[in-house]
Amino acid sequence: MEIIFKRTGDFWIDLGIISLWTRLASQASKRGSSYVTQVKRHGRYGKDIPVLKVILSPDQLSLIAEKENAIVEELDKTCVKLCNDYIRKASTGRNWWWGISNFFFKNTKPESFFKNPEDMVKEQKGKWSKETCNFCGLERMVKDLGTTEHPLVVTSKKFQSFYSELSTSVKICNYCTFVTKFVPTKLFFNTGRNAILAMMFESSDLITLNNLYIELSRLFAEANEYGNFPNVLSWTQYPAETFMNFLCAIKIETTNSNILKNTLEKLENSKAHVIKGTLGQGLIIANYIIIPNLFKTYNFIEHCDWKSKSGKKYNALINTLKFLMVKTSTGMDTIKREEFCHRIFYSYDVTNLLFEFLIDNSLGKSQTGNLPSAGFSGFNIEVFITKYEKILAYMNQYQIDISKEIGAMIGDLAKKTGKKSLLYSLRSARNLNDLLAFINEILNSYLDMIILDRNHIDGLLKAIDNSNWSTYKSLIGIHAVLSFLENNELVEVKSR
Ligand SMILES: [Zn+2]
């Protein structure tokens, strides 16, 4: 007798399979009667439980036993354990969904939830019919897909702002339904004010997916009600910045990054999924994004490490992310940081965004410019933008250097003359001609105050054109603002 849970390609259900596997495998080892068998010939490995064999392979999880009973008993045991994780009993005797399970199953009756796949069908015979499951592709007992099985299903009752191909006309079988109950225990999440941000990974192969979760679960201490990874960035509330926060936490908690990087590299073409849901009558998914290029982004975070002369370690990206928020009367506005993270993930230029943010939030109202004290880290921004241009935006060292020199020249000039307006004039350049006219004007008006290698200007004039002027403008602008703001604090960091 064999029961299989086939890889579906749907990230939610596949994660459920991995979650079920983790529980079955730990049940086996706790009895002290298990061993791991590796049959390399088939690329499969598994754990043996007396009378029942559980095997995870790239495309399925199989449970094999001589007697059907043994399989059902094992699945019942996992249900009991899951119930202990999800349910709390009130003194009145009533069962309550607890912690993360409340977000996903609030509208479900606990009494009928914890059933093995066969009992599920027996309990509500009218609901199920024999057809092909749209997920595993097997002919089994199926029903219409609902939000209890998959949070991204679009039901007629609720409006959703993202595209989903899942609707209630999609059929799901009793076995795929069974594994979805286990998904919440595998989520990386943050919760607050009745909202949840949850992150999931996908893979074209279940073993790689399992390995990734093993690597990640080693990194973080146990979950509490509010999340299960440390917050490197504060005030995160949108999906992209939350996922970036998670990647930064991985980066900080990883001591030997090689194993993790090997796994991430295997997942290069796989994606991560982030959902933001709010809890009302049920879970309403307000936001859903898919993030590509995990490996590339993770590598970039590592590239942003640098050390000051005194040996103090910094990460230029993390410090820049901490700077990208604005204080409001009710807390922090992080919408620009969200957009910044989007651009990093989807490979859109961030130079312009950073320049605009610096102009809007660091110059202050006084003529001389105020350093935004909280979280400002001018030198880290400088290191970040240089690494960013070199690694992700593909500008060469020469282009970076001339932008830096010209920017520093403009910033110094603004400081010496007390004319912050020079920086605003640079910002208002709307095309290549505007930008060239601005630089020309500066050179003519302040010739005696400028110390600049003429070659830099010649180099810029040769390199700049209609396709790249905007990046040059923003890069020059960032260096101009930073050099305008440069004060003792910044000089101190630089010379350490
Ligand atoms: Zn199925």
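Where is Asn 293 placed? Asn 293 is in the loop between β14 (283–291) and α10, and we get back to it in point 6.

1. **What you're looking at.** This is a predicted model, in which local features need pLDDT of at least 70 and side-chain atom pairs count only at pLDDT 80 or more, while totals for chains, interfaces and linings use all residues. Residue numbers start from 1 along each chain as its sequence is written.

2. **The chain as a whole.** The protein chain has 20 helices and 18 strands; these are DSSP runs numbered from the N terminus, with helices being H or I of at least four residues and strands being E of at least two. Of the 496 residues, 39% are buried. Here "buried" takes 20 or more other C-beta atoms within 10 Å of a residue's own, "exposed" takes 12 or fewer, and "partly exposed" is in between, with C-beta atoms placed from the backbone. Looking at contacts (C-beta atoms, placed from the backbone, within 7 Å) with a separation of 6 or more, residues 24 or more positions apart account for 68% in the protein chain.

3. **The main core.** The largest nonpolar core has 126 residues. Such a core is a set of buried Ala, Val, Leu, Ile, Met, Phe, Trp, Tyr and Cys residues joined through C-beta atoms within 7 Å. Ile 17, Cys 176, Met 199, Phe 243 and Ile 410 have the most contacts inside this core. Why does the core lie between two domains? Domain 1 (187–348) and domain 2 (349–495) both give residues to it, so it sits between them; the domain bounds come from an automatic or database assignment. Take Met 199: setting aside residues up to four places away in sequence, Met 199 touches Leu 187, Phe 188, Phe 189, Phe 243, Phe 246, Ala 272 and Val 274. As background, nonpolar side chains tend to be buried together in soluble globular proteins.

4. Helix α7 (residues 206–219) and helix α9 (residues 257–266) have axes that come within 10 Å and cross at roughly 145°. Axes are lines fitted to C-alpha atoms, for helices over the stretch in contact, and angles run from 0 to 180 degrees between N-to-C directions. On the α7 side you'll find Thr 208, Asn 211, Leu 212 and Glu 215, meeting Ile 259, Leu 260, Thr 263 and Lys 266 in α9. The residues of this contact divide into 3 nonpolar, 3 polar and 2 charged.

5. **An enclosed helix.** Helix α11 (residues 316–323) has 7 of its 8 residues buried, so it is largely enclosed by the rest of the structure. The buried ones are Ala 316, Leu 317, Ile 318, Thr 320, Leu 321, Lys 322 and Phe 323. Their cover includes α8 (239–253), α10 (294–303), β15 (305–307), β16 (313–315), α12 (335–345) and α14 (378–391).

6. Most residues other than glycine have a negative phi. Asn 293, though not a glycine, has a positive phi of about 55°, and with 17 other C-beta atoms within 10 Å Asn 293 is partly exposed. Trp 235 also has a positive phi, near 65°. Trp 235 is in the loop between α7 and α8 and counts as partly exposed, with 15 C-beta neighbours inside 10 Å. Across from there, the C-alpha atoms of Gly 331 and Trp 235 are separated by 8.1 Å, although 96 residues apart along the chain. Gly 331 lies in the loop between β17 (326–327) and β18 (332–333) and is exposed, with 11 other C-beta atoms within 10 Å.

7. **Phe 229: buried or exposed?** Phe 229 is in the loop between α7 and α8, yet counts as buried, with 20 C-beta neighbours inside 10 Å. Leaving out neighbours within four places in sequence, Phe 229 is in contact with Phe 188, Phe 220, Phe 246 and Ala 249.

8. **A strand residue.** Arg 88 is in strand β6 (residues 87–89) and is partly exposed, with 13 other C-beta atoms within 10 Å. Beyond four places in sequence, Arg 88 is in contact with Trp 96 and Trp 98.

Key
Contact = placed C-beta atoms within 7 Å. Nonpolar A, V, L, I, M, F, W, Y, C, P; charged D, E, K, R; others polar.
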